[in-house]
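Hi,

Here is the structure I said I would pass on. Have a look at it first, and then read my notes below.

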Amino acid sequence: MGVTVLQQFPMTENRTGPQTIEFLTKRIVALGAVQTGQFLVDCETYMSVPQLGVQKTVHVLHNSEQPASVFAVLESGSKVVPLIADGLFDLLMLKMTSIYTSKKQTKIESKGPRFEIGDFCVKLGSVTMSQNFKGVLVEVEYRPCVVPGSAWDLMREFLQGFIGSVVPNQAPQYLQNRMNDIYQPMDTIQQYLEHFGQYRKTTGVI
Amino acid sequence: MEQLQTALTAIKVLRSSVGQVFDSLGSGLRAEHGDENKETKYLLELQELLTTVNVNLRDVEQAVSSLNPPPGPFNLASTAYLSQETTQERQALYGTLVNSYKWTDKVHEYSNVAQALLSQNSLKRSYTNSNRTKRGRIQTSSHNVSPQQVDSLISTFDRQFNDMTVSVSRPFASNAVLHVTLGHVLKAVIAFKGLMIERVVVTGYGETMDLWTESRHKVFRKVTENAHAAMLHFYSPALPELAVRSFMTWFHSLINLFSEPCKRCGLHLHSALPPTWRDFRTLEPYHQECKP
Amino acid sequence: MQREEKQLDSALEAIIMRVNDLKTAIAAMIFKLEHEYETLNWPNFLDNFALISGHLTSLSKILGNDKAPIMRNLAVLPLLLSPEKDEDLMRLTECRISTFAHDLVPDYLRTKPEPQAEQKMMQLEVKANNLSYDTAHDCNKQVTQYNKVLSHVWDIANKAREEWEGEAGSRATQAQTSSAADTHVLVAAVGVGKGLKSDSVQMVQSGVSPVPSGMMVGRSGGQPQAAGQGPLGNAQMGQMGKTPSAIKTNIKAASQIHPYGR
Amino acid sequence: MFTVRTRIKIPPRAINAHRRPIIYIKHRTMAAPISTAMDSLSAALKSNIIPNQEYLLQGSVLDSAVEVLLHRLRGLCDNVDSGPETFHDHEMCFSIRRGPPPEQPLLLRVRRALDYQDMPWQLRYIGQPELGDKSRPTIVRSSIDIATSNSVVEFLTELGCRLDFEYIVRGYMFRKGRMKVTVSKIFKMGQGKLPESVEPISQSYLVELSVLAPSGQDAIAEDMRIFAEQLRPLVQLEKIDYKRLVH
């Protein structure tokens with residue numbers, strides 16, 4: 001698992017979602033990338049029933065990069081507890097429906113083509129929330145390197161060369177707090193969750 | 001072989017002519033000599049025969065002189081007594097003795113060929129000393145060193161760089177295999193032969209290490225290539241410790257593999273690869289394409 | 001005297017009849033022995049003996065009868081001895097005695113068996129006496145052998161019994177390899193935490209609150225919390241109602257670990 | 001931290017659920033349209049390949065006889081050459097309920113290997129055991145076995161679960177086909193959470209014979225009965241009524 005950076009690609013007036021994806025695909029292919037299938041990251045959110053007291057939220061995410069894993073992030077007050085489990089965790093959530101209920105309209109996913117260029121892995125995801133297009137998320141993973149601190153400059157160079165000046169010079173806030181840690185799959189999930197949260201906020205849900 | 005053959009025939013001819021001389025001497029005077037001057041006739045005949053013997057003798061001497069002198073008697077040492085062995089089971093020893101002799105002969109032959117080949121090898125990775133004048137000096141062989149010596153050298157690397165951890169294992173007899181972890185950047189397996197580096201494989205931090213599988217990341221495959229180049233570059237048979245030490249110093253410079261831009265173009269990436277080349281002298285990072 | 005003679009006559013008549021009966025019975029037996037020895041079986045033979053003994057008893061009864069004259073008091077006198085053949089005697093004795101001569105009469109008239117028979121008897125008796133030791137010895141031998149066989153069988157039977165009993169015993173000890181009570185204790189512990197809960201609570205509590213009397217703490221300090229967690233506490237009661245004090249501490253302890261939500 | 005990277009297919013559950021390795025694989029390269037994890041899960045549920053039923057028989061053996069039992073199991077079970085596998089686990093039982101007592105609590109168990117610290121933790125949901133009638137040879141209860149990261153205890157605590165009880169279990173595990181046999185000693189947790197200060201609950205070892213299988217495979221229960229029969233009279237493996245144990 002290499003360091004991964006997630007970047008929102010700004011939407012312009014004259015382009016639809018699929019057009020944006022196509023535009024980016026052309027660019028990355030021109031750089032020498034090869035498409036290697038599709039990817040999908042989805043997120044479903046469960047809320048605790050009022051009887052349980054303080055509201056707690058469980059986000060359950062799946063990443064096609066780790067297809068046998070289920071990632072769960074529990075938000076309880078200011079505390080955030082991540083959990084990685086295998087696929088049957090979804091079954092357990094079904095058992096808990098009386099205590100944690102799923103908010104179907106907030107089901108959000110990022111889906112699109114996946115490319116490989118050298119040691120980089122690039123994913124162009126169009127974000128949809130309950131079938132509504134929300135925006136484009138570009139995920140870039142530099143697989144040989146596991147420490148965000150040493151890979152950031154290199155990745156910034158790659159990102160800027162690919163999607164231009166949208167990319168800030170500073171690393172994303174989430175990575176800045178973990179510059180010298182070993183990068184984990186959960187970190188990618190947390191970044192997705194952050195961006196999904198932003199998309200939801202703009203819609204006004206949650 | 002032919003000469004030997006002619007010599008043998010010459011000896012045969014000589015023997016038959018000598019035989020004729022004795023034959024005529026044995027039978028004495030015969031009827032064919034007639035009555036008159038039979039003594040003179042007989043003497044003439046003898047004289048004739050002796051000249052033939054003389055001629056033949058000369059032939060033999062000639063043939064023998066053209067032969068190579070045999071290389072002295074074979075010294076079979078105690079194996080000579082094998083022929084006198086009486087016990088059944090030991091009589092078979094001779095066969096195996098001959099076999100082992102043949103093998104020794106082959107080994108001798110092959111080592112000669114190998115020596116010839118190695119003396120032509122320009123890289124001189126293996127230490128050969130065909131020069132007779134240097135024979136007197138104490139040879140510093142780089143691949144026949146005691147494990148303790150190797151261990152002590154390796155432990156100095158461990159102490160030398162605090163962001164590099166080194167562990168030794170010896171899966172193949174006494175030859176050390178080093179597992180090096182360089183920060184959180186990369187890992188490497190270095191196989192030694194004595195004090196000589198035989199093979200380097202560089203893999204990513206999260207990958208499994210072994211001596212034969214390459215990294216699945218392009219960048220580390222490239223680094224492995226460059227490490228091989230460095231290994232050959234630093235090789236010096238006379239000062240093996242220095243060679244290893246300079247290789248390790250060079251290797252340690254890979255710690256900034258991802259974070260340092262190329263000295264030449266000032267960029268991180270060139271065809272999706274970071275600067276994988278480190279200058280041997282200055283240890284400065286360059287892209288493969290930018291290297292001086 | 002007339003009457004006495006008559007009585008004697010009738011008694012003799014009866015005795016002779018009985019003796020004749022006895023004689024025929026013996027003859028029949030001898031006949032059987034001689035002619036039917038191949039098919040003769042032991043019960044039949046015994047029947048004959050019984051017949052003979054019946055005749056003997058009836059004979060002795062007659063002899064011992066009160067009315068019977070005491071024969072011992074009577075004497076038999078041979079009045080005429082003759083070496084000539086006596087046809088009448090021949091007829092009377094079924095040709096057993098041909099003459100009533102002086103050399104034979106004392107033998108026949110004596111109260112003991114015939115000398116020949118006596119001699120034979122004597123011989124047999126001597127033989128029996130001599131044999132008695134041997135036969136006894138033989139018997140002893142057989143008895144000891146029989147005993148030996150019996151004790152052997154006894155041993156085998158005993159051994160088998162011991163084995164059975166041992167097996168039963170070992171089965172009894174094997175039954176000791178598991179105990180239903182322990183099974184229940186363990187399953188209850190693993191399944192519903194019986195016997196584990198109070199301890200775990202104490203442990204949690206010791207980690208959280210240094211006050212040993214968790215119950216009091218729960219009451220005094222945690223009243224508002226206790227109201228909020230009422231249902232939970234009750235549930236706890238229902239689940240393991242045996243150790244109420246531990247439950248209270250549990251509530252307290254639990255509330256201590258979970259700062260949120262309760 | 002660990003990651004499960006494998007094909008979407010739910011991996012076949014090993015019998016020894018708490019020794020399940022986590023599989024790392026490379027991302028599949030395929031052009032086919034990708035399906036969501038929930039889709040594949042419901043497909044797996046539909047085709048009934050998820051082992052979510054546990055068939056269970058329980059018993060115990062006294063400490064003095066455990067060697068005999070182990071010896072017998074070694075003979076009966078599959079892993080003869082490698083000998084019995086030992087395990088040393090810590091199990092924590094949590095419960096969560098929505099409301100007051102009429103609401104049935106949801107029971108969750110967390111198990112971690114103390115002897116293999118880097119093994120994933122095991123989260124387990126266990127449903128109400130069904131005793132069934134006499135004709136059914138084993139207890140059947142629904143069970144979901146999930147391998148998780150080590151943050152699961154904190155996760156459950158924050159989720160609103162309450163730690164009911166915990167214990168240490170140490171013993172041996174055997175395999176016979178799909179059947180799993182564990183012979184284990186149950187210890188109370190010591191005060192200082194030190195492994196040395198544990199105290200055994202009884203003078204016996206708990207013996208459990210279990211199979212995790214997709215629902216409807218009742219034939220396995222018969223196999224278990226036969227196997228349990230082979231262990232008699234050393235151990236009486238039985239259906240134990242949990243309801244009776246509470247009181």
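One definition before the rest: strands here are DSSP runs of E with at least two residues, numbered from the N terminus, and two of them count as paired if DSSP finds at least two bridges between them. Bear in mind too that this is a predicted model.

With that in hand, start at the hairpin of β4(A) and β5(A). Two residues sit between its strands, and A:G77 has a positive phi there, near 65 degrees. The strands themselves, β4(A) and β5 (residues 79-86) of chain A, run antiparallel and are joined by eight bridges. One pair to click on is A:F71 with its bridge partner in β5(A), A:I84.

Now the other neighbour of β4(A). Strand β3 (residues 56-63) of chain A pairs with β4(A) over six bridges, again in the antiparallel sense. These two make a hairpin as well, with five residues between them. Here A:V58 lies opposite A:L74 of β4(A).

So how enclosed is strand β4 (residues 69-76) of chain A by the rest of the structure? Largely, because seven of its eight residues are buried.

Then there is the contact between the chains. Chain A puts in 17 residues and chain B 18. On the chain B side, helix α6 (residues 218-234) is the top contributor, giving three residues. By type, that side of chain B splits into 10 nonpolar residues, seven polar and one charged.

Cheers

Terms used. Residues numbered from 1 in each chain as written. Chains lettered and ligands numbered in written order. Predicted model: local features only at pLDDT ≥ 70, side-chain atom pairs only at ≥ 80, totals over all residues. Contact = placed C-beta atoms within 7 Å. Helix = DSSP H or I, 4+ residues; strand = E, 2+ residues; numbered from the N terminus. Nonpolar A, V, L, I, M, F, W, Y, C, P; charged D, E, K, R; others polar. Buried ≥ 20, exposed ≤ 12 C-beta atoms within 10 Å, placed from the backbone.
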